[in-house]
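Subject: Structure for you, with notes

Hello,

The structure we talked about is below, and my notes on it follow. Please read them with the structure open.

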Amino acid sequence: MSKISEGLERAFASRGFAEPSVEDLRNAAGVSLRTLYKYTPSRAEMVLAALENRHKRYLSRVFDGLPEDHEMALDTLLSRIGEWMATETSHGCLFHAAVAAEPGSQLLRVLLERHKSDVATRAAAATGLRGEGTALLLIIEGLTQTWPLRGEAAVDVAKRLGHVLRSR
């Protein structure tokens, strides 16, 4: 399942949710069509599997091994998000893209909410800004949406905003 999820995530991240055919998704997953459908019996299940994989990878890459110093953790966290954007998704959040592609899917909305909630909670804990999860999420979301236009300049501004939040 892990191999399938990883392949599906790569396919959807690079080609969007509408473009890849089932054959493209099967190729990306590196399994037979029968195996693909055994583990993900519908396109909707394929999208959910890909996003669950993305969720785990993102949380690990952004939050694992952050410095214990809260100020350093904030800068490191925001730098890692910039690195994620540069290497993984230069055009925006895959979770938002999935909801935009299928706006009526309650399952996708729940997954989006869980992902963003986990990011906010972990960011607040890692930076010592408990109770500021929404403010941190706003900074992170702003960085994610601005990065494709401004690159590293967006990371620098996000860090400044984070330090303003810390100084309150």
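Leucine 59 is part of helix H4. This is a predicted model, and everything below should be read with that in mind. Leucine 59 counts as buried because its relative accessibility is 6%, and the cut-off for buried is under 20%. Apart from neighbours within four places in sequence, leucine 59 is in contact with Asp64, Asp118, Val119 and Arg122. Its C-alpha lies 8.9 Å from that of histidine 115, although 56 residues separate leucine 59 and histidine 115 in sequence.

H4 and H7

Histidine 115 and leucine 59 both belong to the contact between H4 and H7. The axes of these two helices cross at roughly 5 degrees and come within 11 Å. H4 is therefore roughly parallel to H7, since angles under 35 degrees count as such. On the H4 side the contact is made by Val47, Leu48, Leu51, Glu52, His55, Tyr58, Leu59 and Phe63. H7 contributes Leu107, Leu108, Leu111, Arg114, His115, Asp118, Val119, Arg122 and Ala123. By class, this contact has 11 nonpolar, 2 polar and 4 charged residues.

H4 and H5

H4 (residues 43–63) also packs against H5 (residues 70–87), at an angle of about 135 degrees and with the axes 8 Å apart. That angle makes H4 oblique to H5. The crossing of H4 past H5 is right-handed. From H4, the residues in contact are Arg54, Arg57, Tyr58, Arg61, Val62 and Phe63; from H5, they are Leu77, Arg80, Ile81, Glu83, Trp84 and Thr87. These residues divide into 6 nonpolar, 1 polar and 5 charged.

H1 and H4

Helix H1 (residues 2–15) packs on H4 with the axes 8 Å apart, at an angle of about 95 degrees. H1 is therefore roughly perpendicular to H4. H1 supplies Ser5, Glu6, Leu8, Glu9, Phe12 and Ala13 to this contact. The H4 residues here are Arg43, Met46, Val47, Ala49, Ala50, Asn53, Arg54 and Arg57. The split by class is 7 nonpolar, 2 polar and 5 charged.

In soluble globular proteins, nonpolar side chains tend to be buried together. Here, the largest nonpolar core has 28 residues, of which Tyr58, Phe63, Leu77, Leu78, Ile81, Ile140 and Leu143 touch the most other members. H4, H5, H7 (106–127), H8 (133–150) and H9 (152–167) are the elements that each give two or more residues to this core. H5 gives the largest share, 7 residues. Isoleucine 81 touches Tyr58, Val62, Ile140, Leu143 and Thr144, leaving out residues up to four places away in sequence. There is also a second, separate core of 23 residues, with Ile4, Ala29, Leu108 and Leu111 among them.

A loop residue

Is glycine 30 buried or partly exposed? Its relative accessibility is 39%, so glycine 30 counts as partly exposed. Glycine 30 sits in the loop between helix H2 (22–29) and helix H3 (33–39). Its C-alpha is separated by 33 Å from that of serine 79, and glycine 30 and serine 79 are 49 residues apart along the chain.

Regards

Key: Residues numbered from 1 in each chain as written. Predicted model: local features only at pLDDT ≥ 70, side-chain atom pairs only at ≥ 80, totals over all residues. Heavy atoms only, no water. Axes fitted to C-alpha atoms, helices over the stretch in contact; angles between N-to-C directions. Helix = DSSP H or I, 4+ residues; strand = E, 2+ residues; numbered from the N terminus. Parallel < 35°, antiparallel > 145°, perpendicular 65-115°, else oblique. Left-handed = near helix turned anticlockwise from the far one by under 90°. Contact = heavy atoms within 4.5 Å. Nonpolar A, V, L, I, M, F, W, Y, C, P; charged D, E, K, R; others polar. Core = buried A, V, L, I, M, F, W, Y, C linked by side-chain atoms within 4.5 Å. Buried < 20%, exposed > 50% of the residue type's maximum accessible area, 1.4 Å probe, protein only.
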